[in-house]
Amino acid sequence: MNFLPRLFAVLLAFFSVATFSVQAQSNPGDPSFAALDAAIKPLMNTAKVPGMSLAIIQNRKLAYLQSYGLTKADSTQSVDSNTVFEAASLTKPVFAYAVLQLVEEGKLDLDKPLYEYLPYPDAASDDRYRDITARLVLSHRSGFPNWRRNRQSAQLAMRYAPGERFGYSGEGFVYLQKVVEKITGKPIHVFMEERVLLPLQMTHSGFVWKTGFNANFAQPHDEAGKTGQKYKPGQANMAYSLHTTAQDYARFVLAILKTEGLKAGTVSQMLSPQSQLPKRFSGSDTLAPYSFWGLGIGLEQTPTDTYFWHWGDNGAFKCFVMAHLNRNDALVYFTNGAKGLDFADEMVRLTLGGQHPAFAFLGIDWQKEIKK
């Protein structure tokens, strides 16, 4: 992976050309991670993001692990490789990975209606819910909204007919979570610990709060950089409750790249288009070329390149992952600031490069943001 050409243009804004050594520029196989660090710090400052954890994968190997800033803006505790962040929706691909293990074992059929495993009283007032399958949930075509209007309500209204269109839904993942618990007879966090965290040696991760997190976790910060109250989940939710580190999450990404824990054919299915994405997350019915959703993960497929990606947004925690399948390279980063996704496109430009409809879909444009 050659970071330097992509870094060069950005770093001109901060440093003179003399900052770069001739040796670093002339050896594209030895990217200047120090230069990457120098570019990241101004991004964090501008976005008022106190802390970040970063992992870079090159050719199916963890090539770089770095931590920046503080766990809490007004503290002296630095973020390190073991600092735990909220993964938010980066929980969903990890859950999908475990669900596909059950599919391989014949315990779950991707195309069998979920109500045949477990009826769902919350949605039973609409018979269309009986058409929801695991495949439709994982590809966000369940027909459920992201979240019910009243999160305390026992009633869940459908937005679309199952399979009709892409509609991002945490509610769908909650229903599938309940089905998995019924099939396995285990609380979901126990199942996920056994199937994912322990085999992949994700030792600083959990779907419920662990006492071991108390000594080293990132605090949330709003857009102004003000510290908020930390959410410590007592119950697991497969849409958002994973707590982890960049290093641990990189282990999960490597499992996909190396087809570990799943058969190659299953990984191929996970990374195959199930539905085409609109150009924008909301407010657009126009489909985006080369932009799709697989089984639990976003996909970009052009004639020359294939990427998988996902974002995480728990309000005051933001994170992002993207992997280039042709090169087996990836970027993973976690932040404890509400604007930590604002520069996701810049992070990818500095590392993986390429043109990405994912950022138009999410409404991310760092250059436009800094001109506000």
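Colleague: Which residues does Ala 98 touch, not counting residues up to four places away in sequence?
Modeller: Keep in mind that this is a predicted model. Ala 98 sits in helix H4, which covers residues 91–104. Setting aside residues up to four places away, Ala 98 touches Phe 191, Met 192, Arg 195 and Val 196.

Colleague: Is Ala 98 buried or exposed?
Modeller: Buried means under 20% relative accessible area. Ala 98 comes out at 0%, so this residue counts as buried.

Colleague: And how many helices and strands are there in the protein?
Modeller: Helix H4, where Ala 98 has its place, is one of the helices. The count for the protein is 12 helices and 10 strands.

Colleague: How compact is the protein for its 372 residues?
Modeller: The C-alpha atoms fill a box of roughly 65 × 45 × 40 Å along the principal axes. For 372 residues the globule rule gives 21 Å, and the radius of gyration is close to that at 20 Å, so the protein is as compact as a globular protein of that length.

Colleague: Let's go to Trp 209. Which residues is it in contact with, leaving aside neighbours within four places in sequence?
Modeller: Trp 209 is in the loop between helix H7 (188–197) and strand E4 (243–244). His 243 is 34 residues away in sequence, and the C-alpha atoms of Trp 209 and His 243 are 7.7 Å apart. With close sequence neighbours left aside, the contacts of Trp 209 are Asn 214, Phe 217, Lys 230, Lys 232, Pro 233 and His 243.

Colleague: Why does Trp 209 count as buried?
Modeller: The cut-off for buried is under 20% relative accessible area. Trp 209 counts as buried because its relative accessibility is 17%.

Colleague: How far apart in space are Lys 263 and Glu 104, C-alpha to C-alpha?
Modeller: Lys 263 lies in the loop between helix H8 (246–257) and helix H9 (264–270). At 55% relative accessibility, Lys 263 counts as exposed. Lys 263 and Glu 104 are 159 residues apart in sequence, while their C-alpha separation is 8.1 Å.

Colleague: What does Gln 66 touch, not counting residues up to four places away in sequence?
Modeller: Gln 66 is in strand E2, residues 61–69, and counts as partly exposed at 25% relative accessibility. Lys 368, 302 residues along the chain from Gln 66, has its C-alpha 27 Å from that of Gln 66. What Gln 66 does touch is Asp 37, Met 52, Ser 53 and Leu 54.

Colleague: What is the phi of His 140, near which value?
Modeller: Most residues other than glycine have a negative phi. His 140 is in the loop between helix H5 (134–138) and helix H6 (170–184), and is buried with a relative accessible area of 1%. Its phi is positive, near 55°.

Colleague: And where is Lys 48 found?
Modeller: Lys 48 also has a positive phi, near 55°. Its relative accessible area is 44%, so Lys 48 is partly exposed. Its place is the loop between helix H3 (33–47) and strand E1 (51–58).

How values were computed. Residues numbered from 1 in each chain as written. Predicted model: local features only at pLDDT ≥ 70, side-chain atom pairs only at ≥ 80, totals over all residues. Heavy atoms only, no water. Helix = DSSP H or I, 4+ residues; strand = E, 2+ residues; numbered from the N terminus. Rg over C-alpha atoms; globule rule 2.2 N^0.38 Å. Buried < 20%, exposed > 50% of the residue type's maximum accessible area, 1.4 Å probe, protein only. Contact = heavy atoms within 4.5 Å.
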